[in-house]
Amino acid sequence: MNIKSLLLGSAAALVAVSGARAADAVVVAEPEPAEYVRICDVYGAGYFYIPGTETCLRIGGYVRYDIGVGDVGAFTGAENFDVEDGDIQDTYYKQARFNLKTWTGQETELGTLKTYTETRFNFGNRNRHVSSTYVPGPDPDGAGPLPPLPGETIIVANPAENKGISLNFAWIQLGGLRVGKDESAFDTFIGYAGNVIQDTLVPYGGFDTNVVQYYFDAGNGFSAVVSLEQGYGDFTIDSYVPHVVGGLKWTQGWGAITGVIAYDSNYEEVSGKVRLDVTPMENLSLFIMAGYGTDDNYEDPGFAIPVAGGRGMYKLWSGNWAVWGGGTYTINEKTSFNTQISYDEGENLGIAANIAYDIVPGLTITAEVDYLHAGEFGEAGFSNWTAADDEDSLGGMLRFQRSF
């Protein structure tokens, strides 16, 4: 066999093999279906597993638009200059807000590991109808500085603008231990003052603070909390000694009884609140809450920084005592009526009532009317922190909120 014959034979064999393979059916493997999101229903609706981890994540929040008129509470004295003649005239209080919330949860050998964050972005007018700087009070006896007296009231321009970003919550919790940015247990553990928009016409406590807390739940309706708190603003602790809050709660099918007590470490004052929640029928819930606080040191001239109005981190109402009461009546599956009445020893009276209507699932419109009677003025010369212009003030708010 010569070389030519060998080459021809090899080529024929290759063609035969190739033809045989070409006759076979070509099978293409289908891709495996990818599971991009795994639902995590351990902690409730909306959670999913972060890919590659055992951590469950939920993302939510709301978009809100408020329109306020009148002269009560958060929108007290919304005014601006007339651009033509410079006169002061009333205007709307308006605010748009984007609220972003996150929750995480994961089971560990030490219990459930959770986090919660809430960040708010606001745009609107700032309601800069405020009092100017304060001047020192008289000191005829040379006994030291007295509470400041109010200076001249100044009206400034009230433009709509970005109001910045606020971090309202950012905490970590493992089992019953919670650390981070929260609102005071003086309010969160006992509950806020009803489902009205303007629930602080008579204020019931300070909110923002860093905390170290421990929650205990006995599983039979009994629960408790101890919270070490830093405070905020003028109420921030001035040493290594924290503000302290303790609370007890008993919850049953008919409602709950709750009590909290707080120690203001800066001024060594004590405040407390007790609350009763009842559900007399399926579509009606009612509450009543009473607060009492000492205030001897808040305006003591012996302190370098006396607090005008006798208010501290926890006792923000006027006088020693205050009461709040109200409830929610569910008219139908889309509509509810909410109300709150509040009153303190300084004769400040607040009344708020609204109707909330779910236009479609996730979109609620709330129309509220608010009334404030500003009672007796404190020794420093001004009334409650609402700073109403008149003794009797009336206002209203319309709120649109899309929650997700």
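The structure is a predicted model, in which local features need pLDDT of at least 70 and side-chain atom pairs count only at pLDDT 80 or more, while totals for chains, interfaces and linings use all residues. Residues are numbered from 1 along each chain as its sequence is written, and side-chain values use heavy atoms, with hydrogens and water left out.

The protein holds two helices and 21 strands; here helices (H or I, at least four residues) and strands (E, at least two) are DSSP runs, numbered from the N terminus. Of its 404 residues, 38% are buried, where buried means under 20% relative accessible area, exposed over 50% and partly exposed in between (1.4 Å probe, protein chains only). Among contacts (heavy atoms within 4.5 Å) between residues at least 6 apart in sequence, 58% join residues at least 24 apart. The accessible surface comes to about 22100 Å², with 61% belonging to carbon and sulfur atoms; areas come from the Shrake-Rupley method with a 1.4 Å probe, and for residues only the protein chains shown count as cover.

Turning to the rings, a search of the whole structure finds 15 aromatic pairs. Rings of Phe, Tyr and Trp (its six-membered ring) pair if their centres lie within 6.5 Å, and planes under 30 degrees apart count as stacked, over 60 as edge-to-face and the rest as tilted. One of the pairs, Y116 with W171, is tilted, at 5.9 Å centre to centre and 45° between the planes. Because Y116 belongs to strand β6 (residues 111-125) and W171 to strand β9 (residues 160-174), this pair ties together parts that are 55 residues apart in sequence. Y116 and W171 are both buried. F186 lies in helix α2 (residues 185-188) and Y314 in the loop between β16 (284-293) and β17 (321-330), so parts 128 residues apart in sequence are tied together. F186 and Y314 are buried as well. Y192, Y204, F207, W317 and W324 form one aromatic cluster.

Charged groups also sit over rings, which requires NZ of Lys or CZ of Arg within 6 Å of the ring centre and within 35 degrees of the ring normal. R58 lies over the face of W103, 4.0 Å from the ring centre, and the charged end of K181 sits 5.8 Å from the ring centre of F169.

A nonpolar core is a set of buried Ala, Val, Leu, Ile, Met, Phe, Trp, Tyr and Cys residues joined through side-chain atoms within 4.5 Å. The largest has 21 residues, of which F186, M289 and W324 touch the most other members. Elements giving two or more residues to this core are α2, β14 (255-264), β16 and β17. Another core, apart from it, has eight residues, including Y47, Y49, W103 and F169.

One disulfide is found, defined as a pair of cysteine sulfur atoms within 2.5 Å. It joins C40 to C56, with S to S at 2.0 Å, and is right-handed, with 80° about the S-S bond. C40 is buried at 1% relative accessible area, and C56 is buried at 2%.

Finally, E268 has a positive phi of about 55° although it is not a glycine. E268 is placed in the loop between β14 and β15 (269-281) and is exposed, at 54% relative accessible area.
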